[in-house]
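User: I am new to this structure and would like to go through it step by step. Could we look at it together?
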Amino acid sequence: MKQEAPTRAVALTYDGLHAPVVSATGASELAEEILRIAREHEVPIYENAELVDILARLELGDEIPELLYRAIAEIIAFVYMLKGKAPAGFGQKKTVAIPALEHKPNERK
C-alpha cells in the first residue's frame, strides 16, 4: 500500500508595495490547519508541490527570493482576476502633458 506524502502548505502575505512574505508554513496537521483557515476566509489556494518545496525552506517573515518574483506575480495576478480586483492604478489611462511648440510663420529657426 502506497503511503501519501505529507501535506505541506505555505501562506504568503502581499501588501502591494513590497515583495510577498511567508506568513505561515507547516506540514501535516499544521498544513491542514493553514488550508482550513484559508478556505474559511475564502483565500484562493494554489497547488504547486515544487513551489511549496522551495517556499517551505524560508523562515516566517522572509520575503520571497527575487528568483520567484515572476512566478508569484503571475499567481497574484490570477487571484486578483478571480476576485475581480486590480492593483491601484491598473488599467487607468494616464494623461501626459506634451508642451505645444509655438510656430510663428515669419520667424526663422
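User: Is E33 buried, exposed or something in between, and why?
Analyst: This is a predicted model. In it, E33 counts as partly exposed because its relative accessibility is 34%.

User: Which residue does E33 form a salt bridge with?
Analyst: The partner of E33 is R36, and their closest N and O atoms are 2.6 Å apart.

User: Why are E33 and R36 about one helical turn apart?
Analyst: Both residues belong to helix α1, which covers residues 28-40, and they are 3 residues apart there, so about one helical turn separates them.

User: And how accessible is R36?
Analyst: R36 has a relative accessibility of 38%, so R36 counts as partly exposed.

User: What else is linked with E33 and R36?
Analyst: E40 is also part of the network of salt bridges that links E33 and R36. E40 forms a salt bridge with R36, with 2.6 Å between the closest N and O atoms. These two residues are 4 residues apart in helix α1, which means that about one helical turn lies between them.

User: How many salt bridges does the structure hold?
Analyst: The structure holds 4 salt bridges. One of them joins R70 to E74, where the closest N and O atoms are 3.3 Å apart. R70 and E74 lie 4 residues apart in helix α3, so they too are separated by about one helical turn.

User: Are R70 and E74 exposed or partly exposed?
Analyst: R70 counts as exposed because its relative accessibility is 66%. E74 has a relative accessible area of 48%, so E74 is partly exposed.

User: Why can such side chains pair at all?
Analyst: Side chains of opposite charge can pair when their charged atoms come close.

User: New topic: which residues form the largest nonpolar core?
Analyst: That core has 10 residues, namely V10, V22, L51, V52, L55, L58, I64, L68, I72 and I75. Helices α2 (49-55) and α3 are the elements that give two or more residues to this core. The largest share, 3 residues, comes from α2.

User: What does I75 touch?
Analyst: Leaving aside residues up to four places away in sequence, I75 touches Y46 and L51.

User: Which residues form a nonpolar patch on the surface?
Analyst: F78, M81 and L82 form such a patch, and together they have about 340 Å² of accessible area.

User: Where does F78 lie, and how accessible is F78?
Analyst: F78 lies in helix α3, which spans residues 69-82. F78 counts as partly exposed because its relative accessibility is 43%.

Methods
Residues numbered from 1 in each chain as written. Predicted model: local features only at pLDDT ≥ 70, side-chain atom pairs only at ≥ 80, totals over all residues. Heavy atoms only, no water. Patch = residues over 30% accessible without salt bridge, like charges linked within 9 Å, V, L, I, M, F, W, Y side chains within 5 Å. Areas by Shrake-Rupley, 256 points an atom, 1.4 Å probe, with all protein chains shown as cover. Salt bridge = Lys/Arg side-chain N within 4 Å of Asp/Glu carboxyl O. Buried < 20%, exposed > 50% of the residue type's maximum accessible area, 1.4 Å probe, protein only. Core = buried A, V, L, I, M, F, W, Y, C linked by side-chain atoms within 4.5 Å. Contact = heavy atoms within 4.5 Å.
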